[in-house]
Amino acid sequence: IVLNADGKFVVFEQRKYAIDGLTYSPVGGFIDDGEFPYDAAKREVLEELGLGSPRSSKGGDEIESGKGSAEKMETKGESVGGGTWNPDGSVTDGDPDWVFLGTYRTAANRGGGFIYLYLLKNAVPLVQGGGTSRFKGSGDDEGQKILFLSEKEIFEAIGQARFQEVKWAAAMSLAMLHIREGLMSQ
């Protein structure tokens, strides 16, 4: 979930093949082989929105490599797909603008994967045109329009089911709870 330096949430309005009509969605994507969840989150925000944290804008991270904060993480030893995977997606570089909202299992009855949720606050452009409606991100081939929504507009969108994928609605709701409960400084 991305909150820019102007206090607006940056989301997409787009079409998805399994959803009738338009839907809102936060930035997101898959974790590449050998990549840690936090690094994937930073990479996806950069690729899709051209944004990152103020710390990243000062050259403090290796965002594009996906390995910038991949320090040795404590393994929890869960076997997934024949290998051992660590579901800990914590912010490993101490960047105060990235907030880890938690790791959740998806499709639990079917042994689905994990979703790692983050809130990036005070997001700033890291590339030319980043964070603007004219930025053309890489990744999805689906047409996406970038929206800048206030907290009130996000609450309305959640309540009106404009985030039509349940994971997106849950992610936005968790971010809003985090902000509303005054946990932004943690």
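Me: What counts as a helix or a strand here?
Reply: The model is predicted. Helices and strands are DSSP runs, with a helix needing at least four residues and a strand at least two. The elements are numbered from the N terminus, and the runs come from DSSP.

Me: How many helices and strands does the protein chain have, and in what order do they run?
Reply: The protein chain holds four helices and nine strands. Read from the N terminus, the order is β-β-β-α-β-α-β-β-β-β-β-α-α.

Me: What percentage of the residues of the protein chain count as buried?
Reply: A residue is buried when its relative accessible area is under 20%. The protein chain has 186 residues. The share of them that count as buried is 41%.

Me: What share of the contacts between residues at least 6 apart in sequence joins residues at least 24 apart?
Reply: A contact needs heavy atoms within 4.5 Å. Among contacts in the protein chain between residues at least 6 apart, those that join residues at least 24 apart make up 64%.

Me: Which residues lie nearest the centre of the largest pocket?
Reply: The largest pocket holds about 1,300 Å³ of space. Its lining is made of 43 residues. Nearest the centre lie Gly 28, Gly 29, Phe 30, Ile 115 and Trp 168.

Me: Which element supplies the largest share of the lining of the largest pocket?
Reply: At least two lining residues come from each of β2 (9-15), α1 (37-49), β8 (114-125) and α4 (166-180). The largest share is seven residues, and the element that supplies it is α1.

Me: Which strand pairs with β8 in the parallel sense?
Reply: Strand β7 (residues 98-105) runs antiparallel to β8, with seven bridges between them. Strand β4 (residues 51-52) is also antiparallel to β8, joined by two bridges. The parallel pairing, over two bridges, is made by β1 (residues 2-4).

Me: What value of phi does Asn 122 have, and where is the residue placed?
Reply: Asn 122 is in strand β8. Because its relative accessibility is 35%, Asn 122 counts as partly exposed. Asn 122 is a residue other than glycine, yet its phi is positive, near 60°.

Me: Is Ala 161 buried or partly exposed?
Reply: Ala 161 is in the loop between α3 (151-159) and α4. Its phi is positive, about 55°, although the residue is not a glycine. The relative accessible area of Ala 161 is 47%, so the residue is partly exposed.

Me: What distance separates the C-alpha atoms of Phe 163 and Thr 23?
Reply: Phe 163 lies in the loop between α3 and α4 and, because its relative accessible area is 4%, is buried. Leaving aside neighbours within four places in sequence, its contacts include Val 11, Thr 23, Pro 26, Ile 158 and Trp 168. Phe 163 and Thr 23 are 140 residues apart along the chain, with their C-alpha atoms separated by 5.7 Å.

Terms used:
Residues are numbered from 1 along each chain as its sequence is written. This is a predicted model: local features need pLDDT of at least 70, side-chain atom pairs count only at pLDDT 80 or more; totals for chains, interfaces and linings use all residues. Side-chain values use heavy atoms; hydrogens and water are left out. Buried means under 20% relative accessible area, exposed over 50%, partly exposed in between (1.4 Å probe, protein chains only). On a 1 Å grid over the protein atoms alone, a cavity is a set of points where a 1.4 Å probe fits but cannot get out, and a pocket is an open set with protein on both sides within 12 Å along at least five of seven lines; lining residues have an atom within 4 Å of a point. Grid points are joined across faces, edges and corners, and a volume is the space filled by probe spheres set on the points. Two strands pair if DSSP finds at least two bridges between them.
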